Amino acid sequence: MECVRKLTNDLYWVGADDRRLALFENIHPIPRGVSYNSYLLLDEKTVLFDTADWSVCKQFLENVEGVLKGRKLDYLIINHVEPDHAASIEEVLLRHPETTVISNEQAFTLMDQFGYRVEGEKQIVVKEGDTQKFGKHTIAFVAAPMVHWPEAMVSFDLTTGTLFSADAFGSFGALGGRIFNDEVDFDRDWLDDARRYYTNIVGKYGPFVMDLLGKASQLDIKMICPLHGPVWRNNIKYIVDKYIHWATYEPEEKGVLLVYASMYGNTESTASVLAAKLAEKGMTNIAMYDVSKTDISYLISDAFKYSHLVLASVTYNLGIYPKMLNFLEDMKALNLQKRIVGIIENGSWACTVGGLMTEFLENNMKAMTVLQDGVTINSRMTGGQERSMNDLVDGILNSMKEA
């Protein structure tokens with residue numbers, strides 16, 4: 001049986017939730033699952049916006065047929081060819097051979113590469129600025145390259161102000177029947193997953209996102225229909241503001257992300273001393289993680305969130321502890337910048353990690369300010385490091401006042 005939601009008088013959500021998938025893109029944990037959103041417009045012509053992942057294809061097809069109620073499917077618009085949205089194209093076309101597929105030239109090339117066969121006479125190739133009228137609704141097509149694939153585009157309904165935004169404005173998390181942003185407590189239940197989705201999937205491409213946001217600012221957007229997560233039918237400025245922060249690498253909040261790499265607990269204990277001293281002086285907005293036990297997608301998300309970052313690491317084979325190095329490499333790959341960083345280093349017989357982390361940050365990343373006051377411990381913290389720890393605390397707090 002179909003499981004759909006009516007978004008407007010003639011637009012329906014026909015997607016599906018997937019709670020069985022453990023890893024999105026086989027890398028990012030999704031304990032709350034994920035939604036694959038697709039939308040069906042019933043105008044003089046019927047129009048399906050994107051498809052769904054193969055894992056939910058049966059439910060998706062039932063949803064489409066349930067809304068069509070015997071009508072033919074005239075058009076299928078493909079905004080993004082990544083398989084979690086395009087894998088069901090052939091299944092749709094097998095059931096609806098009358099359907100014409102609308103997308104851009106690069107998208108059709110990728111469809112061929114993935115084996116999603118669309119015959120030439122069934123293709124309409126569009127480019128930025130083109131429009132297509134389906135009755136009372138006219139859809140305009142806007143290029144969105146590298147958000148987050150090169151062929152990506154978004155579709156804008158000039159009649160209703162609905163933006164079909166592809167992967168932009170998406171989020172991890174299954175919807176569970178609550179489709180709209182105002183049907184959930186977004187700050188409490190969705191913001192962290194939306195940030196983690198953006199920063200790990202799209203984070204590298206901030207300038208391209210800002211280009212799309214610039215185009216979007218010229219549109220009178222009334223509703224945003226992303227390919228994952230809730231549909232935005234109000235408070236659109238809220239999610240746009242979040243995207244501006246993330247895309248420009250500006251922190252959302254003044255606070256400290258404290259990530260430690262500890263083999264036997266001594267570096268962890270030192271990091272805890274720092275956290276306690278910060279809290280004692282009024283800075284309680286602290287997130288603290290063991291880099292060896294925390295999936296890196298959560299670390300990246302909070303690195304985008306907070307203004308300050310403290311890296312506390314043991315020296316390992318005269319180098320950076322491998323898990324900490326992975327975190328640094330991911331921050332570099334995702335283009336994180338504009339953060340103030342404190343360093344805590346530990347080494348029992350050759351303490352080199354602090355200098356190596358500082359060198360990595362200064363030579364490989366943009367606009368990263370490493371505080372001069374760091375902490376060096378030999379095996380474990382003693383009273384001899386109390387002064388340097390206090391100096392690091394003061395350095396963090398003073399830099400917050402200056403920002």
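## Domains, interface and sheet

In this predicted model, the domain assignment of the protein gives two ranges, with residues 3-246 forming domain 1 and residues 251-400 forming domain 2. Taken over C-alpha atoms, the centres of domain 1 and domain 2 lie 38 Å apart, and the contact draws on 15 residues from domain 1 and 14 residues from domain 2.

How much area do domain 1 and domain 2 bury between them? The value is about 1200 Å², of which 51% falls on carbon and sulfur atoms. Turning to the polar side of this interface, six residue pairs are found in polar contact across domain 1 and domain 2, counting pairs in which both residues have pLDDT 80 or more. On the side of domain 1 that touches domain 2, the elements giving two or more residues are β5 (28-29), α6 (191-202) and α8 (236-248), and α6 gives the most, with six residues. By residue class, that side of domain 1 divides into five nonpolar, five polar and five charged residues.

The count of salt bridges between domain 1 and domain 2 is two. A salt bridge is also found between the side chains of Glu-252 and Arg-195, with an N to O distance of 2.5 Å; by its number, Glu-252 falls in the range 251-400 of domain 2, and Arg-195 in the range 3-246 of domain 1.

Next comes the sheet. Seven strands form an open sheet with mixed pairing, in the order β1-β2-β7-β8-β9-β10-β11. Because β1 (5-6) and β11 (123-125) stand at the edges with a single partner strand each, one side of each is left without a neighbour in the sheet. For β11, strand β10 (residues 100-103) is joined to it by three bridges, and the two strands run parallel; within this part of the sheet, Ser-103 stands opposite Val-125 in β11.

Two details of the backbone remain to be located. Where does the model place a cis peptide bond? Such a bond joins Val-147 and His-148, with omega about 0°, and His-148 has its place in the loop between β13 (138-143) and β14 (153-157). The other detail concerns Leu-318, which has a positive phi of about 65° although it is not a glycine; Leu-318 is found in the loop between β19 (306-316) and β20 (319-320).

Key: Residues numbered from 1 in each chain as written. Predicted model: local features only at pLDDT ≥ 70, side-chain atom pairs only at ≥ 80, totals over all residues. Heavy atoms only, no water. Domains from an automatic or database assignment. Contact = heavy atoms within 4.5 Å. Buried area = accessible area lost by both parts, 1.4 Å probe. Salt bridge = Lys/Arg side-chain N within 4 Å of Asp/Glu carboxyl O. Polar contact = N/O pair within 3.5 Å; in protein donor to acceptor, adjacent residues only side chain to side chain. Helix = DSSP H or I, 4+ residues; strand = E, 2+ residues; numbered from the N terminus. Nonpolar A, V, L, I, M, F, W, Y, C, P; charged D, E, K, R; others polar. Pairing = 2+ DSSP bridges.
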